[in-house]
Amino acid sequence: MKNLLFIGDVVGKSGCEFLAEKLPKIKRDYKIDITVVNAENSAQGNGITHYSAESIIKAGADVLTTGNHAFRQKNDLDIFDRDYIIRPANYPDGAGIGKGICILDMGAYSVAVINLMGTVYLDPLDNPFSKIDDILENTDIKNIFVDFHAEATSEKKAMGYYLAGKVTGVLGTHTHVQTADETIIDSHTAYITDVGMTGVEKSCLGVEIKPAVDRLRFRIPVKFREASGACFMCGVVVSFDEKTGRAYEIKSIVIR
């Protein structure tokens, strides 16, 4: 039995620092074998940079996933040359930047981490259901975890049921609020609609509250700034049989 830790969207410098402070102990306490972190908001002003990625890797992450903000930091796009930093796999062919899957060779077993992005209320990328079909047809790895970065809960639920029995876990990101629906679907696939976020808790998804309220209240352009204050970290621990790819337990965690 192995344990995979998945940490939800890390927001800004404060999120990176809090992760670095808390992650080593969490890995010890939960006997974590593999750590995956969504890092698409880890840079100042969204996106991912060499600096923010290095901070998260040094903290103890093995794989960094992203999402719709993957390419926000245009001066750091070469970061996607690294095997352990991935972007949504359903970007159209010819995008020319990065890849959507990372395969970890753990010696006696392998783990594939796949990044997908939903298309409901987000950019019109290739169909994520068709893309995951293509990927699964071309791999014989049993332990597969999907970061499904999507806006609509309906799309996330649909993906969870669609991949039931086909992958070890479908773990939702993007909306930054941890949901209370963690479950094992069909006695095989760990699922949660959203893992949550890592950053300042008293905020609007990691940014200052007043600009977010003003944007929604008055419909005027505002400048979002990273919030300051006490942080929290949201994630899930998935226990799985590395020989069969079957998930036995998914446990949500919130560290303050």
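Let's start with the cysteines: a search of the whole structure turns up zero disulfides, where a disulfide is a pair of cysteine sulfur atoms within 2.5 Å. C231 is in no disulfide, and its nearest cysteine sulfur, that of C16, lies 10 Å away. C234 is in no disulfide either; for C234 the nearest cysteine sulfur is that of C231, 11 Å away. C231 is buried, with a relative accessible area of 12%, and C234 also counts as buried, at 2% relative accessibility. Here buried means under 20% relative accessible area, exposed means over 50%, and partly exposed covers what is in between, using a 1.4 Å probe and protein chains only.

A word on where these values come from. This is a predicted model, in which local features need pLDDT of at least 70 and side-chain atom pairs count only at pLDDT 80 or more, while totals for chains, interfaces and linings use all residues. Residues are numbered from 1 along each chain as its sequence is written, and side-chain values use heavy atoms, with hydrogens and water left out.

Now turn to strand β8, residues 169-173. Helices (H or I, at least four residues) and strands (E, at least two) are DSSP runs, numbered from the N terminus. β8 is mostly covered, with five of its five residues buried. In a regular strand the side chains alternate between the two faces of the sheet. In β8, G169, L171 and T173 point one way, V170 and G172 point the other way, and all are buried.

What does β8 pair with? Strand β7 (residues 143-149) runs parallel to β8 and is joined to it by five bridges; two strands pair if DSSP finds at least two bridges between them. One of the residues involved is H149, whose bridge partner in β8 is T173. Three bridges also join β8 to strand β10 (residues 189-192), again in parallel, and there the bridge partner of G169 is A190.

Finally, have a look at V63, found in strand β4 (residues 63-65). V63 counts as buried because its relative accessibility is 0%. Leaving aside residues up to four places away in sequence, V63 touches T35, V36, V37, Y84, I86, C102, L104 and V113, where contact means heavy atoms within 4.5 Å. The C-alpha atoms of V63 and I144 are separated by 13 Å, with the two residues 81 apart along the chain.
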